[in-house]
Amino acid sequence: MGDSQYSFSLTTFSPSGKLVQIEHALTAVGSGQTSLGIKAANGVVIATEKKLPSILVDESSVQKIQSLTPNIGVVYSGMGPDFRVLVRKSRKQAEQYHRLYKEPIPVTQLVREIAAVMQEFTQSGGVRPFGVSLLVAGFDDNGAQLYQVDPSGSYFSWKASAMGKNVSNAKTFLEKRYTDDMELDDAVHTAILTLKEGFEGQISSKNIEIGIISTDKQFRVLTPAEIDDYLAEVE
Amino acid sequence: MSRGSGGGYDRHITIFSPEGRLFQVEYAFKAVKAAGITSIGVRGKDSVCVVTQKKVPDKLLDQTSVSHLFPITKYLGLLATGMTADARTLVQQARNEAAEFRFRYGYEMPVDVLAKWIADKSQVYTQHAYMRPLGVVAMVLGIDDEFGPRLYKCDPAGHFFGHKATSAGLKEQEAINFLEKKMKNDPAFTYEETVQTAISALQSVLQEDFKANEIEVGVVRQENPVFRVLSMEEIDEHLTAISERD
């Protein structure tokens, strides 16, 4: 991974023992659009704002929530181009696992491999850390799972989490609203309400994206029509 | 201790600044504007049109060699706004990639796949210190088998979006404001309307009326999905139609 001219790392320790490039990467994440995830009793929901730079942008050409395998989905806050790189690498790793073991990759394994890639970019020569935090949602033999991966490569499992611009309000809201026995439908409503908390302007099916996975182990992104239905229920 | 700024190198290579920004990428955007050209792209119901200024700085220059419109394949066009040299290497690599795609998979590279490839390449330059980002904004156009006419814009940061209409270059923001008003109610432009909207947007934003040899126009149409650069006569026809309309 070291580039020819740069056999030294660009991410180095400061005198106080901090890796400042990682801190700056987290700042980049913190100025990205809000996204969140909630683990319910029978599934996981992830959601994000989809604010486009102009009404001239064709919103059907943009999909922020991506699937990595049929039963694992991911959303991000931060730099879109960096996200695409991670999605591509993760999909390949999931496929390589499947080719070797003839089994779909467990969620924890995939998260560990993504995190390892992100850590590499904080230590290798001539590269900068990724400017994204990821929320990985999946359903495998261990049930519903939600993981957050940071630019440093550290990851944790969460019952509910948020990232991006509105992270502190969103997390406070989620802490109040979360219950362990939530059903997936309730979780989707809670997700929408959390996004609504810090939303600038009118929330609609055109400026948010929602992805769900439940016991059917099929990750899918909701259509604008389905989002409209949930929005109507929330009103 | 303010070692937190990355040793002052955050302005020279693509590492993060304390505010989480990439200065080199932001400077690349400025380089696009510094070329002094504005380009416009408009997508209609069954066609896409891109227009750019053709500034020939020296009378001794061969005008036909000055162009920012590049066919990537017979069916895909690319309009490059910004640094010409960077544009040429991008076009060269894109042509290679599109040809390999056709060879490997047996069908023509779709517009969005090309746009994504360009954007992913640009992202690599924003993350690896050994290469600077390219000072080019690329507008890719073509007719997609499934989705019809498509217009994509790729920038030095590695972003790419599909657009109903867009602009790049010096007067980018003014042009986008103009186009937002025109496209507000999702109009379905015919081929003539598409071309004339693009040209009149450029004229309005730069506040000058063009002669046919001062602009370049490229189109793709559903009825003939080949990427074509319009001839002087065709451009003249459209210019006349615009001035008669007003």
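# Chat about a two-chain predicted model

Trainee: Where does A:Lys50 lie?

Mentor: A:Lys50 sits in the loop of chain A between strand S2 (43-49) and strand S3 (66-69). Strands here are DSSP runs of E with at least two residues, helices are runs of H or I with at least four, and both are numbered from the N terminus. This is a predicted model, where local features need pLDDT of at least 70, side-chain atom pairs count only at pLDDT 80 or more, and totals for chains, interfaces and linings use all residues. Residues are numbered from 1 along each chain as its sequence is written, chains are lettered from A and ligands numbered from 1 in the order written, and side-chain values use heavy atoms, leaving out hydrogens and water.

Trainee: OK, is A:Lys50 buried or exposed?

Mentor: A:Lys50 counts as buried because its relative accessibility is 11%. Buried means under 20% relative accessible area, exposed means over 50%, and partly exposed is in between (1.4 Å probe, protein chains only).

Trainee: Which side chain makes a polar contact with the side chain of A:Lys50?

Mentor: That of A:Glu209, at 3.4 Å. A polar contact is a pair of N or O atoms within 3.5 Å; within protein, one must be able to donate a hydrogen and the other to accept it, and residues adjacent in sequence count only if both atoms are side-chain atoms. A polar atom of the A:Lys50 side chain also lies 3.2 Å from the backbone oxygen of A:Val62.

Trainee: Switching topic, what about A:Pro224?

Mentor: A:Pro224 is in helix H6 (residues 224-234) of chain A. With a relative accessible area of 49%, A:Pro224 is partly exposed. Its C-alpha atom is 6.7 Å from that of A:Lys206, 18 residues apart along the chain.

Trainee: And in chain B, where is B:Glu172?

Mentor: B:Glu172 belongs to helix H4 (residues 172-182) of chain B. Setting aside residues up to four places away in sequence, B:Glu172 touches B:Lys33, B:Lys153 and B:Ser167; contact means heavy atoms within 4.5 Å. B:Glu172 and B:Lys33 are 139 residues apart along the chain, with their C-alpha atoms separated by 8.5 Å.

Trainee: How many residues does each chain put into the contact?

Mentor: Chain A gives 34 residues and chain B gives 38 residues. About 3,000 Å² is buried between chain A and chain B, and carbon and sulfur atoms give 60% of that. Buried area is the accessible area (1.4 Å probe) that two parts lose on being put together, summed over both.

Trainee: Which chain A residues lose the most area to chain B?

Mentor: A:Leu56, A:Arg84 and A:Arg128, together 25% of what that side buries.
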